[in-house]
Amino acid sequence: MTHLYLIRHGIAAERELYETDEERPLTKEGDRKTRKVAEKLLELNLKFDIVLSSPLVRARQTADILKSVGLTDRVEEFPPLAPEGEINFWLDWYRNWSQTLGETLALVGHEPDLGNWAEVLIWGDVRGGLIVKKAGVIGISLPETGSLVGNSQLFWLSPPKFLLS
């Protein structure tokens with residue numbers, strides 16, 4: 001069974017300070033908290049075969065933090081993780097990747113998309129109930145056979161405050 005972790009980027013700079021949303025970096029506080037969350041995940045013996053990241057600066061910085069603390073050796077940008085990205089592109093990517101016998105992967109992205117993707121995987125549709133806080137984590141077990149949509153299981157939903165203590 002594959003374990004998928006959906007991780008929201010850390011606290012980012014205010015929108016009005018940057019020309020475009022894509023350019024907003026993590027704040028110092030966002031970097032610090034994200035690093036602490038990543039270190040806690042490592043303490044919990046998590047390792048990711050791969051981390052896919054939204055191409056936006058704050059998400060890429062979050063993915064790079066995951067790599068820097070030793071949670072993965074491999075980070076790749078994945079454009080469908082940008083805001084309003086389509087889960088079907090990831091489902092196609094996953095079908096190919098799952099043949100490599102990888103067992104654990106992380107996606108670093110944005111809200112409400114990560115919550116929506118989780119709901120599609122778990123319930124088959126978007127219900128607007130799952131929210132991923134900044135630097136928060138959702139863990140989903142993906143089935144070995146059949147469709148992932150509506151057949152995956154939630155096993156972890158954690159805001160960052162539970163990982164920062």
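This is a predicted model: local features need pLDDT of at least 70, side-chain atom pairs count only at pLDDT 80 or more; totals for chains, interfaces and linings use all residues.
**Reading the sheet, rings and pocket**

Me: Which residue of β4 stands opposite Leu52?

Reply: Leu52 stands opposite Leu107 in β4, and the pairing of β2 with β4 is again in the parallel sense, this time over 4 bridges. Leu52 can therefore be followed to a partner in β3 and to one in β4, where the cut-off for calling two strands paired is at least two bridges between them.

Me: In what order do the strands of the whole sheet lie, and which of them are at the edges?

Reply: The open sheet is formed by 6 strands in the order β3-β2-β4-β1-β5-β6, with mixed pairing. At the edges are β3, residues 75-77, and β6, residues 153-158, each of which pairs on one side only. From one strand to the next, the twist averages 20 degrees. Further along that order, β1, which covers residues 2-8, runs parallel to β4 and is joined to β4 by 6 bridges; Leu4, for instance, has Leu105 as its bridge partner in β4.

Me: Which residues of β2 lie on either side of the sheet, and are they buried or exposed?

Reply: The general idea is that side chains in a regular strand alternate between the two faces of the sheet. In β2, Ile50 and Leu52 are on one side and Val51 and Ser53 on the other; all four are buried, and both faces of the strand are covered.

Me: Turning to the aromatic side chains, how many aromatic pairs are found in the whole structure?

Reply: A search of the whole structure gives 7 aromatic pairs. One of them, formed by Trp93 and Trp97, is stacked, with the ring centres 5.6 Å apart and 15 degrees between the planes; it is called stacked because the planes are under 30 degrees apart. Both tryptophans belong to helix α3, residues 87-97, where they are 4 residues apart, or about one turn of the helix, and both are buried. Ring pairs also link Phe78, Trp90, Trp93, Tyr94 and Trp97 into a cluster.

Me: What is the volume of the largest pocket, and which residues are closest to its centre?

Reply: The general idea is that rolling a probe the size of a water molecule over the atoms shows where empty space is left. Here the largest pocket has a volume of about 190 Å³. It is lined by 14 residues, of which Arg8, Arg15, Arg24, Arg58 and Glu111 are the closest to its centre. By class, the lining divides into 9 charged, 2 polar and 3 nonpolar residues.

Me: Why does Asn45 count as exposed, and what is the relative accessible area of Ala135?

Reply: Asn45 counts as exposed because its relative accessibility is 69%, and the cut-off for exposed is over 50%. Ala135 has a relative accessible area of 6% and is therefore buried. Gly128 also lies in the loop between α4 and β5, and counts as exposed at 55% relative accessibility.

Me: Where does Leu17 lie, and how far is Leu17 from Arg95 in space?

Reply: Leu17 is in the loop between β1 and α1, and at 62% relative accessibility Leu17 counts as exposed. Leu17 and Arg95 are 78 residues apart in sequence and 39 Å apart in space, C-alpha to C-alpha.

Note on methods:
Residues are numbered from 1 along each chain as its sequence is written. Side-chain values use heavy atoms; hydrogens and water are left out. On a 1 Å grid over the protein atoms alone, a cavity is a set of points where a 1.4 Å probe fits but cannot get out, and a pocket is an open set with protein on both sides within 12 Å along at least five of seven lines; lining residues have an atom within 4 Å of a point. Grid points are joined across faces, edges and corners, and a volume is the space filled by probe spheres set on the points. Ala, Val, Leu, Ile, Met, Phe, Trp, Tyr, Cys and Pro count as nonpolar, Asp, Glu, Lys and Arg as charged, and the others, Gly among them, as polar. Rings of Phe, Tyr and Trp (its six-membered ring) pair if their centres lie within 6.5 Å; planes under 30 degrees apart count as stacked, over 60 as edge-to-face and the rest as tilted. Helices (H or I, at least four residues) and strands (E, at least two) are DSSP runs, numbered from the N terminus. Buried means under 20% relative accessible area, exposed over 50%, partly exposed in between (1.4 Å probe, protein chains only). Axes are lines fitted to C-alpha atoms, for helices over the stretch in contact, and angles run from 0 to 180 degrees between N-to-C directions.
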